[in-house]
Amino acid sequence: MSKCKPPYKPLTNFEVSDLIPHRNPFCFVDRVVSCDETHCICERTFTLENSEFFKGHFPAYPVLPGVLVVETMAQAGGCGLVAAGVYEQGLIFLLATINNVKFRRPIRPNEKIRMEITTLRAGDKLVRQCGKAFVGEELAAEGEWCCMLLESSDIKLH
């Protein structure tokens with residue numbers, strides 16, 4: 001487990017909305033447990049009630065789609081960097097690359113996922129991170145990714 005200590009009380013889903021622009025149904029971080037400049041721990045529970053995709057993704061044996069596991073880890077990484085003050089609120093983190101992803105066990109409905117994220121590089125335009133997703137103490141997935149950083153003011157809506 002990461003050694004980062006919470007510099008504040010854990011952040012809940014309501015407060016997570018201050019950190020990243022994602023909103024339901026595509027905000028996949030319930031809680032920021034702890035963070036510092038290079039590590040963060042976040043949690044998420046996908047339930048049958050809050051996750052429509054379970055109805056169609058192997059309906060007889062519903063599992064969390066792998067791409068959503070990666071997205072969940074990336075969102076956790078962005079939350080941690082903003083919560084730790086590395087970046088200001090209002091940035092948009094867009095996945096640029098995904099590497100070395102391995103899925104070790106399926107994630108089922110109602111299982112709490114703990115994401116442990118490490119920031120490898122935090123620059124002005126790009127962030128490189130790696131992370132692991134656990135269910136209990138069991139490793140479910142791991143991987144590396146890079147995100148482009150955009151100012152929300154730079155986004156032009158059509």
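Which side chain meets glutamate 138 in a salt bridge? The partner is arginine 105, and the N to O distance is 3.1 Å. The close-up views below belong to a predicted model, in which local features need pLDDT of at least 70, side-chain atom pairs count only at pLDDT 80 or more, and totals for chains, interfaces and linings use all residues. Residues are numbered from 1 along each chain as its sequence is written, and side-chain values use heavy atoms, with hydrogens and water left out.

**View 1. Salt bridge between glutamate 138 and arginine 105.** A salt bridge is a side-chain nitrogen of Lys or Arg within 4 Å of a carboxyl oxygen of Asp or Glu; the structure holds nine of them. Side chains of opposite charge can pair when their charged atoms come close. Glutamate 138 is partly exposed, at 43% relative accessible area. On this scale, buried means under 20% relative accessible area, exposed means over 50%, and partly exposed lies in between, for a 1.4 Å probe and protein chains only.

**View 2. Salt bridge between aspartate 30 and arginine 44.** The closest N and O atoms of aspartate 30 and arginine 44 are 3.0 Å apart. This pair links distant parts of the chain, 14 residues apart: aspartate 30 is in the loop between helix H1 (13-16) and strand E1 (31-35), and arginine 44 is in strand E2 (residues 39-45). Helices (H or I, at least four residues) and strands (E, at least two) are DSSP runs, numbered from the N terminus. Aspartate 30 counts as partly exposed, with 21% relative accessibility, whereas arginine 44 is buried at 4%.

**View 3. Salt bridge between arginine 31 and glutamate 43.** In this pair the closest N and O atoms are 3.0 Å apart. Arginine 31 belongs to strand E1 and glutamate 43 to strand E2, so that distant parts of the chain, 12 residues apart, are linked. Arginine 31 is partly exposed at 29% relative accessibility, while glutamate 43 is buried at 13%. A network of salt bridges links Arg31, Glu43 and Lys112.

**View 4. Nonpolar surface patch of Leu94, Leu126 and Met148.** Together these residues have about 220 Å² of accessible area, computed by the Shrake-Rupley method with a 1.4 Å probe, only the protein chains shown counting as cover for residues. Patches are made of residues with over 30% relative accessible area and no salt bridge; like charges are joined within 9 Å and nonpolar side chains (Val, Leu, Ile, Met, Phe, Trp, Tyr) within 5 Å. Methionine 148 lies in strand E6 and is partly exposed, at 36% relative accessible area.
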